[in-house]
Amino acid sequence: MSQKVGPLLWISECEVRKALTWDVLVPAMRDTLAAFCKQGLVEQPLRVRIHDEENNGFKLVMPGLVRPNAALATKILTMYPNNAAIGLPSHNAIIVLFDSHTGLPAAIVDGTSVTELRTAAASAAATLAIRKARGDSEKCEVVAVIGAGVQGAAHARVMHHVLRPTEIRVWSRGGGEQLTHALLSEGLPAVAADSLPAALQGADVITTCTFKLDDLIQEDWVKPEAIINAVGAANKGQRELSTQLLMSAAVYADSAEAAQVEAGDVVQTGVEVVGEVGKIISGELQVPRGKVIIFKSLGLAAEDAVAAKLVFDRLNTAT
């Protein structure tokens, strides 16, 4: 339940999930990605990052203002991958939402669920835009999800919602059976892949949701014209994709500036970021045929601000 914390409203995970359905969130993230590429619509610096080497963790601070939505917020996020071994979530976050006219704090929002959902919704929006720009057929046969954690699960669900594939393959270093069973129980056509190459073979859309991969994804594991949403490996010391694959593909990002500073797959290889996916959404960039298309998603503070404001507004409308 929402409750007042002094003058602030606390918005819970339950309320976030109720408000941010895929039908609401995917179009909102599409519009946010497009707005990010338009001069003067979004203010967002590169995120501030603290590395906790002793505990293998990171803390990030992400402020953002999206003027068309009157959305002003700051997210504080921690990423501690070792948490999984002790039964705790690896990603934890809160979002402080402000009144965009006065700067007064309006609410504290569960940022962990917002991050989960907006990241998956942004990948779905990017995938739909790339497929539309390239003139792909409406039918998508196979989706591959690499990583069976929170992001893997969210991406499997949103890709099923927007693409209706005939098969969703799940692979994870720790085994994808648990997620596969959960997805099957929800009516999704999920199957656990025996290996990483087997999961990728023939997949139309691939989503990588790992901190890093010991065996980088190779070019010959991926079909021509596959779309890869590269969501994991979110700092310059981590990678998921091989140099050969990156150099043969067309690489786009949510933020080209952030990708060139923060994304290991970009920083370590020097691969060119062709442009930002928001310009594909707006029709300003064309998408080449005959190439693998990679969307490097690092996450935007603008996405957090818009998603948090959506929840806040829907709660206020309901009361």
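I began with Ala-233, which lies in the loop between strand E13 (227-230) and helix H7 (243-248); helices here are DSSP runs of H or I with at least four residues, strands are runs of E with at least two, and both are numbered from the N terminus. Ala-233 has a positive phi of about 45 degrees although it is not a glycine. Most residues other than glycine have a negative phi. I then looked up the accessibility of Ala-233 and found it buried at 1% relative accessibility, where buried means under 20% relative accessible area, exposed over 50% and partly exposed in between, with a 1.4 Å probe and protein chains only.

I note for the record that this is a predicted model, in which local features need pLDDT of at least 70 and side-chain atom pairs count only at pLDDT 80 or more, while totals for chains, interfaces and linings use all residues. Residues are numbered from 1 along each chain as its sequence is written, and side-chain values use heavy atoms, with hydrogens and water left out.

I placed Arg-164 in the loop between H4 and strand E10 (167-171), and its relative accessibility of 47% makes it partly exposed.

From there I turned to helix H4 and its neighbours. I looked up the axes of helix H3 (residues 111-134) and H4, which come within 9 Å and cross at roughly 40 degrees; axes are lines fitted to C-alpha atoms, for helices over the stretch in contact, and angles run from 0 to 180 degrees between N-to-C directions. H3 and H4 are therefore oblique to each other, given that angles under 35 degrees count as roughly parallel, over 145 as roughly antiparallel, 65 to 115 as roughly perpendicular and the rest as oblique. I recorded the crossing of H3 and H4 as right-handed, the near helix being turned clockwise from the far one by less than a right angle. Among the residues that meet, I listed Thr-127, Leu-128 and Arg-131 in H3 and Val-158, Met-159 and Leu-163 in H4, contact meaning heavy atoms within 4.5 Å. The residues of this H3 and H4 contact divide into 10 nonpolar, six polar and two charged, where Ala, Val, Leu, Ile, Met, Phe, Trp, Tyr, Cys and Pro count as nonpolar, Asp, Glu, Lys and Arg as charged, and the others, Gly among them, as polar.

For H2 and H4 I found axes that come within 11 Å and cross at roughly 90 degrees, which makes H2 roughly perpendicular to H4. Trp-22, Asp-23 and Val-26 in H2 meet Ala-154, Arg-157, Val-158, His-161 and Val-162 in H4, and I counted the residues of this contact as five nonpolar, one polar and two charged.

I also checked Val-205, which is found in strand E12 (residues 205-208) and is buried at 0% relative accessibility. Leaving out residues up to four places away in sequence, I found Val-205 touching, among others, Thr-127, Met-159 and Leu-163.

What joins Arg-157 and Glu-186? I found that their side chains meet in a salt bridge at 2.7 Å, N to O, a salt bridge being a side-chain nitrogen of Lys or Arg within 4 Å of a carboxyl oxygen of Asp or Glu. Arg-157 lies in helix H4 (residues 150-163) and Glu-186 in the loop between helix H5 (177-185) and strand E11 (190-192), so the pair ties together parts that are 29 residues apart in sequence. Arg-157 is partly exposed at 27% relative accessible area, and Glu-186 is likewise partly exposed at 42%.

By the salt-bridge rule the count comes to 19. I looked up Lys-38 and Glu-284, whose closest N and O atoms are 2.9 Å apart in a salt bridge. Lys-38 lies in the loop between helix H2 (22-36) and strand E3 (42-43) and Glu-284 in the loop between helix H10 (277-281) and strand E16 (293-296), so this pair ties together parts that are 246 residues apart in sequence.

My last entry is a network of salt bridges that links Arg-131, Arg-134, Asp-136, Glu-225 and Arg-289.
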